[in-house]
Each structure stands twice: as C-alpha cells, then as structure tokens.
Amino acid sequence: ERGLLIHLTSTVVLKNIVVIKPQWLVDALGKVICDGSLHIDKDEFKHVGLEEDLTRTFEMGLASRDFLDYVWKGEQVDFFLDLMERTMLLSRWTFSENELYLIPSLLLEDSSVEKENIKGSRCLIDFSNNFLPNGVFQRLLCLCVAHSVRGTESESNNKLLMEPRLRRNYGIIEFEPGFIINLLEDEEAQSITIFIANCEFAGKCLRI
C-alpha cells in the first residue's frame with residue numbers, strides 16, 4: 001500500500017515526530033476545528049467542568065489549554081499546537097492572563113460590517129478573476145494576530161496595545177501603538193480589503 005510520510009522540522013517538537021498516517025492528523029484537528037453544534041457533546045464538557053471553555057472556544061474562537069488537553073486526551077498536545085501554529089490555523093493569545101489560543105476558523109461571522117464605514121487607506125486583494133479559497137482570510141487573521149502578539153511580548157507594549165476585535169470575516173488589530181489595521185473579507189466580491197487607519201504606517205504594513 002502506497003502511503004504518505006509527513007515530517008515538519010520548524011520546531012524541536014515537530015522535528016521529533018514523523019507522521020506516516022495523515023488521517024491521524026485529520027482526526028485530531030477535526031476534534032477542534034468542527035461545527036460545535038453538530039459534533040460536540042455539551043453535557044460531556046459540562047460534566048468535566050469545561051462548559052465555559054467550550055463556550056469561549058465556539059463563540060469567541062479562543063481555546064484554553066485545558067480544553068485542548070481534554071479533546072486530545074493529553075496526547076501529543078504540544079505537537080498539535082506547534083503544527084496548527086506553523087500552518088496558521090492557530091495563534092497564541094497573550095491578551096489574557098489565561099493560556100489561550102486563537103483559532104480563527106471557529107470565529108462567528110459578522111454580516112453587518114460595511115467597508116464604506118471603515119476609514120483609512122486601503123489595499124484590495126482581488127480574487128474575482130478566479131476565486132478566494134476557503135480559509136485564506138482566517139489564516140491572514142492568524143498571521144496578523146501572531147505579529148501583534150510579538151508586539152505585546154515587550155513589557156512596555158503589553159498594556160498599550162488593544163486586544164484584537166475579531167470575527168470570521170472581519171478584524172481590527174493593532175501592531176504597535178497607533179498602528180491599527182482593519183481586515184475585511186467579502187465573499188460575494190471574492191476579495192480581501194486591508195484598511196490602515198494611519199497612512200504613515202502603510203509602507204510598514206506591506207513589509208509585514
């Protein structure tokens with residue numbers, strides 16, 4: 001039987017594990033990235049004291065370490081976290097005292113956002129000649145949040161940067177004090193628009 005071997009080496013944890021059954025990865029990630037209303041037993045999580053963690057995960061896209069430890073049964077948790085972070089499915093969330101991880105694909109959508117009401121210079125990424133693949137915008141959110149998180153790692157910036165405000169199709173993220181961007185996905189127009197509140201940061205945004 002012909003199979004596929006996957007070996008990622010970007011971190012020590014990833015380097016130490018060789019995956020020879022991709023379905024094992026799919027099954028593990030599917031325990032987190034799923035439709036909670038269909039595939040999650042709320043009573044089970046209530047019974048083990050993780051009801052609040054479950055709600056936060058599927059309403060805010062923020063999963064606690066305890067929640068992830070439970071769904072993965074404490075097995076290879078660091079590996080899955082590193083894998084999801086490296087593939088932009090997850091980002092560390094340092095805007096809370098708790099150990100949380102942002103999973104953008106679990107965010108709720110906000111259909112009320114209108115680009116005409118967003119001020120600032122804008123950059124349009126147009127996919128209308130082809131199509132905007134599912135998950136691209138959520139990975140962009142993940143990338144931007146990861147960059148913002150790096151900005152909070154210095155003690156001087158930690159209390160200055162605002163907490164990102166995110167939805168599945170929209171986000172407001174501050175990279176450094178005063179450097180705020182808005183991101184908006186338009187599925188109908190097959191486009192992503194990036195708005196920069198202060199045009200002085202436009203060049204820096206492109207470098208990021």
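The legends below describe close-up views of a predicted model.

In this predicted model, local features need pLDDT of at least 70 and side-chain atom pairs count only at pLDDT 80 or more, while totals for chains, interfaces and linings use all residues. Residues are numbered from 1 along each chain as its sequence is written, and side-chain values use heavy atoms, with hydrogens and water left out.

**View A. Thr 11 lies in the segment before helix 1 (12–15).** Helices (H or I, at least four residues) and strands (E, at least two) are DSSP runs, numbered from the N terminus. Thr 11 counts as buried because its relative accessibility is 13%, where buried means under 20% relative accessible area, exposed over 50% and partly exposed in between (1.4 Å probe, protein chains only). Leaving aside neighbours within four places in sequence, Thr 11 is in contact (heavy atoms within 4.5 Å) with Asp 82 and Arg 86.

**View B. Helix 2 (22–30) meets helix 7 (residues 77–86).** The axes of helix 2 and helix 7, which are lines fitted to C-alpha atoms over the stretch in contact, with angles from 0 to 180 degrees between N-to-C directions, come within 12 Å and cross at roughly 90 degrees. Helix 2 is therefore roughly perpendicular to helix 7, a term that covers angles of 65 to 115 degrees. Helix 2 contributes Trp 24, Leu 25, Ala 28 and Leu 29 to the contact, and helix 7 contributes Phe 79, Phe 80, Leu 83 and Met 84.

**View C. Helix 5 (residues 51–60) has the buried residues Asp 53, Leu 54, Arg 56, Thr 57 and Phe 58.** These buried residues pack against helix 3 (36–39), helix 4 (42–47), strand 1 (62–64), helix 6 (65–71) and strand 3 (100–102). Just after helix 5, Gly 61 takes a positive phi of about 70 degrees.

Methods:
Angles under 35 degrees count as roughly parallel, over 145 as roughly antiparallel, 65 to 115 as roughly perpendicular and the rest as oblique.
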